[in-house]
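Dear colleague,

I am passing on the structure below, together with some notes on what turned up when I went through it. Please read the notes with the coordinates open beside you.

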Amino acid sequence: MDNRKHTSFDQRFLGPLKNRPDIEPDENFVEKLRTEITAGQNQEKLTNKPKWQWPILVPMTMAIMIFTVLAASFIGVNSNQEKSTIADKAEVISKDTNEDEKADEKERKIDKLIANNNAYQTIYQQVFKVVGGPTPGQELIYYFDALEKGDQEYLKEKLIFEFYDQPIEEVIKYYQKADFSTLALETINPDENDSLNVSYSYTDSETGIKVRRRLLIHNWDSKDLKISDAISPVEINAEKDQLVKAKVEFIEKAFKIGLSEEAAKEIFGSGFKVFENSDAEDGTKKYWTYQYLVEPGTTTDLEHDLTIDFPNLVNQKIGVQFSIGWSSENKALKMSIFYTQRGKVMIKTLKPDGTMNEMEQKAGEILYDTTAFQLTEEEKTAYNWFKLDHDLNNLKNISPISIAKLYVQAGIDGDAETEYALYTTRPEYVMWSKEEHIKFSENDQTTASQMLAALGGIQDGKFVKTSDFEGYISFENANGSQGFRMIKDPDGIWKVAFMAIQ
């Protein structure tokens, strides 16, 4: 085993000289020797270093270059394909996003509308509460918004008319004066035709007057929801309305099923137009159509028996359109009356079985008769006789509405006894005695004008029978839709119910 210390080469080589104390080594010799030895070692390393072989290097370089070109091409193609794929995906995502945005547009729109208009928010909540769903309320707000912004496209899609079409431009123009921030929902009621009857009001921005209107929402629980509205004439001739009303009453009383042609000409005149109709299922072979109270210069075009000149009726250019349906034996089989009151279409039809049907335009502005409350000559006669001794024979064959009018007149006159005599006598409906009523009346400070404000319009109401001895008069005035209860006494005379106003 070599136990010698591992010293440097210089130390081992120069050791004998260094151990000779009397002799010092030549420094130049030592440096020269070290340089030679070091150079020899470096030469050995260079000699042993591998040499490049050029015949092999060239093909390798070419191969590397070809590989690089192919790889770059492949990467480029894949990169383009990847970019194309990413772009396609981005386009699909964008398209889907746009479609989602369109699908959500209405929901976002209703949120925005009710956030910016407190009136819209209140109406939306009220409708939702009544119907239990969002659709009718949304569409009602969209309708008001379309009117405010003049959106003809939406209105053409959603707006329909009850009896005759009106230009969309006229509807938009009408609502230009509406202050939509003052919109208020008054009533919302479903009817038998799967429609919602909606009454609402707003302030006219020009006059400051409160305007009350009504519209219908059809198919309100389906996707095919539509809205009915109507624009009434700017001015209504109240005197013409009274003439029309009198003419209609005359026709109703004079017409009888089985009437002959000769008798009809004598009663209704010969100014009619004939329409043949041999295919009618009810046996009607022809129609006679009359037009009464026609303004001079009015042109009308009746193409067939079903043609109704609604525009001229609504504008009061024509007062009444009346038709008689004739059987093959030339006997009156049925009749129909078309007319308007306060700008709204009214229809009465008498069928061959004697059934009378009545229809009236529901949509449009709610207008009131501004003429003073007054009794007809027949009602005045009955009232003057009845208040003498309260003999019920003076009330026989008088309609429920006429009885109600007598009650109003008694209140205006301050005649408490006559008032009480017009109340029902059915024991289960009597609520206080005659003496109590007179005492109440003595302390009552209600004026005639206040009574007319509460019950004005009842003369133009409609009586609705709810049972053999119960019913009510439906009417409207400045206070909105009203009801006035009536009870038929055992003697067959209709009387006023206690606490009659509904």
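Contact here means heavy atoms within 4.5 Å. Please keep in mind that this is a predicted model. With contact taken in that sense, and leaving out residues up to four places away in sequence, Leu183 touches Ala119, Tyr120, Ile123, Phe144, Tyr200, Ser201 and Tyr202.

Leu183 also belongs to the largest nonpolar core, which has 41 residues, and is one of those that touch the most other members, a group that also includes Tyr143, Phe144, Tyr175 and Val198. At least two residues of this core come from each of several elements, including helix H5 (118-131), helix H6 (135-149) and strand S2 (178-190), and H6 gives the most, with 7 residues. Another core, of 31 residues, lies apart from it, and among its members are Leu375, Ala382, Tyr383 and Trp432.

Helix H5 deserves a separate paragraph. Its 14 residues reach 20 Å from the first C-alpha to the last, close to the 20 Å expected at 1.5 Å a residue. The buried residues of H5 are Ala119, Tyr120, Ile123, Tyr124, Val127 and Val131; seen down the helix axis they fall within an arc of 130°, so they line one face of H5, whereas Asn118 and Lys129, on the other side, are exposed. At the N-terminal end, Asn117 caps H5 through a side-chain oxygen that lies 2.8 Å from the backbone nitrogen of Ala119, and after the helix comes Gly132, with a positive phi near 75°.

Best regards

Note on methods: Residues numbered from 1 in each chain as written. Predicted model: local features only at pLDDT ≥ 70, side-chain atom pairs only at ≥ 80, totals over all residues. Heavy atoms only, no water. Core = buried A, V, L, I, M, F, W, Y, C linked by side-chain atoms within 4.5 Å. Buried < 20%, exposed > 50% of the residue type's maximum accessible area, 1.4 Å probe, protein only. Helix = DSSP H or I, 4+ residues; strand = E, 2+ residues; numbered from the N terminus. Expected span 1.5 Å × (residues − 1). Arc of directions from axis to C-beta. Polar contact = N/O pair within 3.5 Å; in protein donor to acceptor, adjacent residues only side chain to side chain.
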